[in-house]
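Trainee: I have a new structure to learn. Please show me how to read its features step by step.

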Amino acid sequence: MTNLTLAPGKIKGSVIAPPSKSMAHRAVICASLAQGRSIIKNIQLSDDIIATMEGMRSFGAVISYENQILTIDGVGSQPAKEVRTIDCNESGSTLRFLIPLATLFTGETTFVGRGHLGKRPLEPYQEIFNQQSLPYHQKETEELHLTVQGALTPGLYEMRGDISSQFITGLLLTLPLLKGDSILKITTHLESKGYIDLTLSVLKSFGIVIELDETKQEFHIKGNQIYTACSYEVEGDYSQAAFWLSANALGNNLSIEGLSSTSLQGDRDILTILETLSNDSPEKERVIDGAQVPDIIPVVALVAALTEGKTKIINLERLRIKESDRLVATQKELATLGANIKIVEDTLLITGVSNLTGGKEVWSHKDHRIAMMLAIASTRCNEPIYIKDTDCVKKSYPNFWEVFQQLGGKVHEWSLG
């Protein structure tokens, strides 16, 4: 892993938002399930997307990449392996999207992975496999090693809405291909709804129709549907652009291109959140609900830490089960840099300061979003900061450090000696 020294200083210039990782995962899967050849434009080969591509190849899709374009011939183009091992690396999306999909193919599928992936919850799927008496075996090891087998049957599925929406997306991708109709009922308040909207939108682009009864919180899914190959372009990613938009809110001068003003991405809420932080009176305690936008909370906390007055960011329990305990990582590293920030249960309590002191060693916790948040924090520090384990940005934004330097960021490798 690379350790970096970041000198204080503003960044400026033009930056193109990288492709949406969330949309790319879904598009790669839908194209791989389609009959015929699909073209997916504007793809960046982050570690997570590579993991999903390799997983779909193991099911029989043929995928090639050139100049940010994927050409995908759907499953059936070549035989699926009877015994498959899918390396999810650290991608929760790859794992949770592909577990139910694996039941569409004969034979046994083993999922392996690294980092915190083995600690991230999978109980909703385990319950479904147990209810349908399907093989589901997870080794009690530090790293992920899960083997599943068998075919899901159509019918009624129930799922909590206050856990990761990735479970819901995994079923929405799978159930249209079963030999009968299904209903997916959400039994609690639905969090991260923006991600479900994205799933439905991408499914529709590939010819899959799912009806949502919002009153009953039920998805009505016809069986025996067929994914239709198409040409699809991935739009810019608000989750990643949030770092650059937040940099602007902290006094940097960036022009950010490639974002759709009508995007369904839930993290487009960064625009509203930054406006709230900018416009609300410092005399009034601001309250930001993080339930729908957990991925942008680290950088939102940074902006709040440098905004006059008090800010309370609530409903952050799910941050504890990301690539790191992101709630603790955010508080610990910002406090090390001089922020006034505390954790009370699932809430961050922040009192703004005028600048961060810097001059400290901080750690990414091997979490891409913490590393990128600390990079933006360096632009408002009085002294250089030293970040350990910065290569983790490859998970979602492989050229982040290159772009940061192109914008004037002063970055030097740092040896621990």
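Mentor: Start with a group of rings. W244, Y397, F400, W401 and F404 form one aromatic cluster. Keep in mind that this is a predicted model.

Trainee: How many aromatic pairs are there by this rule?

Mentor: The count comes to 10 aromatic pairs. Take one of them, F129 and Y136. Their ring centres are 5.4 Å apart and their planes stand at 55°. Planes over 60 degrees apart would count as edge-to-face and under 30 as stacked, so this pair is tilted.

Trainee: Are F129 and Y136 buried or exposed?

Mentor: Both F129 and Y136 are buried. Now go back to the cluster.

Trainee: How are the rings of W244 and F400 arranged?

Mentor: Their centres lie 5.2 Å apart, with the planes at 20°, so W244 and F400 are stacked. This pair links distant parts of the chain. W244 sits in helix α7, while F400 belongs to helix α12, residues 400-406. The two are 156 residues apart. W244 is buried, and F400 is too.

Trainee: Which residues of α7 are buried?

Mentor: Y238, S239, Q240, A241 and A242 are among them.

Trainee: What caps the N-terminal end of α7?

Mentor: D237 does. One of its side-chain oxygens lies 2.7 Å from the backbone nitrogen of S239. Look past the helix as well. Just after α7, G251 takes a positive phi of about 100°.

Trainee: Next, empty space. How do I read that?

Mentor: Rolling a probe the size of a water molecule over the atoms shows where empty space is left. Here, a search of the whole structure finds three cavities of 30 Å³ or more. The largest cavity holds about 390 Å³ of space.

Trainee: Which residues are closest to the centre of the largest cavity?

Mentor: They are S93, Q166, Y195, D295 and K322, out of 27 lining residues. By class, that lining has 13 charged, 10 polar and four nonpolar residues. Helices α1 (21-33), α3 (92-102), α5 (165-174) and α11 (368-378) each supply at least two residues of it.

Trainee: And the pockets? What volume does the largest pocket have?

Mentor: Its volume is about 350 Å³. Of its 17 lining residues, L104, L177, L178, K179 and Q225 are the closest to its centre. The lining divides into 12 nonpolar, four polar and one charged.

Trainee: How much space lies in the second largest pocket?

Mentor: About 300 Å³. This pocket also has 17 lining residues, and P124, E127, I128, E158 and M159 are the closest to its centre. Two elements give two or more residues to the lining: α4 (123-131) and β10 (156-159).

Trainee: Which element gives the most to the lining of the second largest pocket?

Mentor: α4 does, with five residues. By class, the lining has eight nonpolar, five polar and four charged residues.

Terms used. Residues are numbered from 1 along each chain as its sequence is written. This is a predicted model: local features need pLDDT of at least 70, side-chain atom pairs count only at pLDDT 80 or more; totals for chains, interfaces and linings use all residues. Side-chain values use heavy atoms; hydrogens and water are left out. Buried means under 20% relative accessible area, exposed over 50%, partly exposed in between (1.4 Å probe, protein chains only). Helices (H or I, at least four residues) and strands (E, at least two) are DSSP runs, numbered from the N terminus. A polar contact is a pair of N or O atoms within 3.5 Å; within protein, one must be able to donate a hydrogen and the other to accept it, and residues adjacent in sequence count only if both atoms are side-chain atoms. On a 1 Å grid over the protein atoms alone, a cavity is a set of points where a 1.4 Å probe fits but cannot get out, and a pocket is an open set with protein on both sides within 12 Å along at least five of seven lines; lining residues have an atom within 4 Å of a point. Grid points are joined across faces, edges and corners, and a volume is the space filled by probe spheres set on the points. Ala, Val, Leu, Ile, Met, Phe, Trp, Tyr, Cys and Pro count as nonpolar, Asp, Glu, Lys and Arg as charged, and the others, Gly among them, as polar. Rings of Phe, Tyr and Trp (its six-membered ring) pair if their centres lie within 6.5 Å; planes under 30 degrees apart count as stacked, over 60 as edge-to-face and the rest as tilted.
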